[in-house]
Amino acid sequence: MLFIRKLLLIILLAIIYLLHSQGYGQEKNTKNTIKNLIGKEVSIDSVEAFINLQMKTLNVPGISLAIINDGKVAYHLTKGYADVAKKKNVSNRTIFEGASLSKPLFAYFIMGFVEEGQLDLDKPLYKYLPYDDIAYDERYKKITARMVLSHTTGFPNWRSDYEDNKLFISFEPGTAFQYSGEGYQYLAKVLAHILKTDDAGLEKIYQERVASKLNLKYTKFIQDSYNMKNKAEGYKDGIVVGEDDDPKIFGSAFSIHSEALDFSKWLIALINKEGLSKESYDELFKTQFTLPDGHLQKQGGVTDWTLGFAKATLPFGSAYGHGGNNAGYTSIFVIEPESKWGYVMFTNANQSQLPMVFLQYLMTP
C-alpha cells in the first residue's frame, strides 16, 4: 500500500512538472506586451493607460479593440459603456456601426464575382444596369467597377450633402480622386441586378460567400435582431444620436456592423490572403490612384488608393486600411501584410479622434 502511494506521488509530481514546463496555467504572453506597427514591444499596461486617458480626454463612451501580431489576435479590449444612462458595459457581445469599413469588405466581396467572370472591373456599369439618376450626363457611361472601388467616378460622396439633392459628376471619370459613397451604392445595385436579387438577397449571398466561410458571426450589412439588440448606443458630445439608417438596407458604403474580434477574422484572412486567388489579391491591393502632393488625405499619411483600401507607403512596407464615420460612431482598421500585423477599433463616439490617435501611438518608435 505504501509503495502504491509513493508511486502515485511520483506520477503526480511528474505531471505537475510537465504541465509547468509546457506553460499550462500561465499567461499566454508572459512578457505582457504586444508589437506595435513598427515591431516595437509595448507593454499592455502602457497600452491600457493610454486608452484610459484618451477615452476620458476625448469623451469616448465605449470601445472594442483588437491588435493582431504574427497573424493572430494578440490583444483584445472592450471598455466603457455601450449605454451610458443604463451603465451597460461594452462586452464581447456589443455591436458597433462600422460605417465606411463597409467599403473594403464590399470590394473583397466583389472580387469573388470578378474571379468567376460575372463582373468585369473595366466594363462600363451602365452596360449591366443603366442608372436613371445620372443618365442626363453621358460621362456616366464611362464609369466602371474599378473606378467605383478606387473613388475615381467623379460622383460626390453623397448627393444629400447638396441643396438640390441631385447626383452629379465633377470630372471626367477615371481622371481624379473624389471619395464617393454614391459610387459604391451604384455598384451594389449593379451586383444585385447581375445576381437577380434585392438587398436582402445580397446579404444572404454575402453571408454564404464571405461571412460563413470566415466565421464572421456578427459582421453584417443588413442587421438581424441579435445585432440590433446588442448594438451600442451612438453618442455625439455625450448625447445619444438617434438611429438614422434603415437596418434592412444593404449599404455597401456604410451599413456594416461588427465588433473587434469578429472583424479581426476578416483582417487575418486578408493578411494570409485567404478566400480569393493570388491574382485577385494582387488586383485588390494594387495602386489605382496616387494622391497628389498637398491632398488632405496625403497629409494624413495616405499615399494611394487601391480597390477599396487606403494605402500608406511606409519605410518597412505598405499598410492598408480604412476609417469609418457614421452619426455616433467612429472606427478604423489597418493591416501590414508583410509583418502580419493588424489593428481595428470601434467606438460609439461621433467623429472621434481616438482611433487615429491610438494608431499614431502604435507607430511610436
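Predicted model: local features only at pLDDT ≥ 70, side-chain atom pairs only at ≥ 80, totals over all residues.

Visitor: What makes the aromatic pair of Tyr-218 and Tyr-226 stacked?

Guide: The search of the whole structure finds 30 aromatic pairs. In the pair of Tyr-218 and Tyr-226 the centres are 5.1 Å apart and the planes 15 degrees; because centres within 6.5 Å make a pair and planes under 30 degrees apart count as stacked, this pair is called stacked.

Visitor: Why does Tyr-218 count as partly exposed?

Guide: Its relative accessibility is 21%, and since buried means under 20% and exposed over 50%, Tyr-218 falls in between and is therefore partly exposed. Tyr-226, with a relative accessible area of 24%, is likewise partly exposed by that rule.

Visitor: How do you know that the charged end of Lys-166 sits over the ring of Tyr-136?

Guide: The charged end lies 4.3 Å from the centre of the Tyr-136 ring, where the distance limit is 6 Å, with a further limit on the angle to the ring normal. The charged end of Arg-209 sits over the ring of Phe-113, 4.0 Å from its centre.

Visitor: Which residues of the largest nonpolar core touch the most other members?

Guide: That core has 70 residues, and those touching the most other members are Phe-106, Tyr-206, Trp-266, Leu-270 and Leu-284. Trp-266 also belongs to a cluster linked by ring pairs, including Phe-309 and Phe-333, and it touches both of these residues.

Methods:
Residues numbered from 1 in each chain as written. Heavy atoms only, no water. Phe/Tyr/Trp six-rings, centres within 6.5 Å; stacked < 30°, edge-to-face > 60°. Buried < 20%, exposed > 50% of the residue type's maximum accessible area, 1.4 Å probe, protein only. Lys NZ or Arg CZ within 6 Å of the ring centre and 35° of its normal. Core = buried A, V, L, I, M, F, W, Y, C linked by side-chain atoms within 4.5 Å. Contact = heavy atoms within 4.5 Å. Lists of a residue's contacts leave out its neighbours within four places in sequence.
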